[in-house]
Amino acid sequence: LVMVFYGSNGKSNPVSMENKVEHQAKNQITYDVHLPSDLGVVYKVRLGLQNLENSISQLSLHHFKMQNTSTLDTFSLTINKTLPLSLNGDRWIEFPVEWPLKEALSVVTYHLTVFSRNILTEGNVVHMTACIYGAHGDTGDRSLLWSLQNVQQGENNESFLVIVDAVELGELDKVVLLISSKTDCKVDIKKLHLKESVKDHPIYVFEVNEAFYLDPNKPEIQREIPLSFVIRGDKQKNGIDNNVKKEGSQAENQTEYTIKVYTGDKKGAGTDANVHIILFGNEDKSEVFHLSQSLEHQDPFERGKVDTFQIKTKKLGSLHSIEIGHDGKGF
């Protein structure tokens, strides 16, 4: 059993419960834990099993009690959970610490959606964790491939949902990925979407767009992914969601964009593939638009040419980024 303590000034190193037994009664163990003096006020504790690779043993946790030996302030919590949460499940739980006269944070269920290309086909040999960072600390390394939900697979893309319970993180900042494999393989990750499960917005978007070449004889790959942007969403007005197209109000809630695509002038710069674009604003993102009807050319995206496209979409707010790509078909 390992514990990590989070204070107002930082967090402790993992505290191993090995050889720290001071008093042991039936179904109860007491430890003395010495925390750094500069940690500040402890506001969160994470409990976990350090290593599950060669063991399927489980640990049932019923109650947690912590006392500051200087002030005698005491915090106690009924847990009644078993680690790991399933046979191959999440091996960490965390909870806020509530001291007298101090307001505690709450536990939040986060939905992390991974958009990738071939993780699901390599899932039996790939191990991948994510550590999510926010204003109130981090989640620690959480496994991404132990319980996949909302799995969607297309010809060239896939997505799946991972559920993470953690003490609320506040404004999110970055995600650190750790990826390893038992065999040689390639894992292609496009982006991560992260939000609270009970809210549609905000959606924190972390763009990855990288293929990872894994070798079992090399150290695991670590990649820090900073926050790319946040989709805040429209607030409802008069009980009608602006994202829902209503007859009569549709025109006033739409914005028209003119898109010019300049195809390069090098050999092989053009494409016959089907090109798509998505626009991202500070209020919402557009649907997927296929750029096929060029105003200048019947056959768009030829070498050295400029193609103009006009699209209409819902109000997105101020644009800050786009996604553009194609399906890889043709030359």
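User: Hi! How many residues does the protein chain have, and what share of them count as buried?
Analyst: Hello! This is a predicted model, and its protein chain has 331 residues, of which 37% count as buried. The accessible surface of the chain comes to about 19600 Å², with 46% of that belonging to carbon and sulfur atoms.

User: Thanks. How many helices and strands are there?
Analyst: The protein chain has zero helices and 25 strands.

User: And what share of the contacts links residues 24 or more positions apart?
Analyst: Counting contacts with a separation of 6 or more, 68% are between residues 24 or more positions apart.

User: Let's pick a strand. Is β6 largely enclosed or open?
Analyst: Strand β6 covers residues 42-48, and seven of its seven residues are buried, so the rest of the structure largely encloses it.

User: Which strands does β6 pair with?
Analyst: One partner is strand β1, residues 2-7, which runs antiparallel to β6 and is joined to it by six bridges. Another is strand β9, residues 92-96, also paired in the antiparallel sense, over five bridges.

User: Nice. While we're on rings, how many aromatic pairs are there?
Analyst: The structure holds six aromatic pairs. One of them is Phe 75 with Phe 95: the ring centres are 6.3 Å apart and the planes lie at 25°, so this pair is stacked. Phe 75 belongs to strand β8, residues 74-83, while Phe 95 is in strand β9, so the pair links parts of the chain that are 20 residues apart.

User: Are those two buried or exposed?
Analyst: Phe 75 has 6% relative accessibility and counts as buried. Phe 95 counts as buried too, at 5%. Ring pairs also bring in Phe 64, giving a cluster of Phe 64, Phe 75 and Phe 95.

User: Switching topic: how many residues does the largest nonpolar core have?
Analyst: It has 32 residues, and Leu 177, Ile 189 and Leu 192 are those with the most contacts inside it. Among the elements giving two or more residues to this core are β10 (107-116), β16 (172-181) and β17 (185-196). In soluble globular proteins, nonpolar side chains tend to be buried together.

User: What does Leu 177 touch?
Analyst: Leaving out residues up to four places away in sequence, its contacts include Thr 129, Leu 144, Ile 189, Leu 192 and Ile 225. There is a second, separate core as well: it has 19 residues, including Phe 5, Met 17, Leu 47 and Ile 79.

User: Last one. What is the strand order in the open sheet of three strands?
Analyst: The order is β23-β22-β25, with antiparallel pairing. The edge strands are β23 (289-290) and β25 (319-326), each pairing on one side only. Strand β22, residues 275-281, pairs with β25 over seven bridges, and there Gly 281 stands opposite Leu 319.

Methods:
Residues are numbered from 1 along each chain as its sequence is written. This is a predicted model: local features need pLDDT of at least 70, side-chain atom pairs count only at pLDDT 80 or more; totals for chains, interfaces and linings use all residues. Side-chain values use heavy atoms; hydrogens and water are left out. Helices (H or I, at least four residues) and strands (E, at least two) are DSSP runs, numbered from the N terminus. Buried means under 20% relative accessible area, exposed over 50%, partly exposed in between (1.4 Å probe, protein chains only). Contact means heavy atoms within 4.5 Å. Accessible areas come from the Shrake-Rupley method with a 1.4 Å probe; for residues, only the protein chains shown count as cover. Two strands pair if DSSP finds at least two bridges between them. A nonpolar core is a set of buried Ala, Val, Leu, Ile, Met, Phe, Trp, Tyr and Cys residues joined through side-chain atoms within 4.5 Å. Rings of Phe, Tyr and Trp (its six-membered ring) pair if their centres lie within 6.5 Å; planes under 30 degrees apart count as stacked, over 60 as edge-to-face and the rest as tilted.
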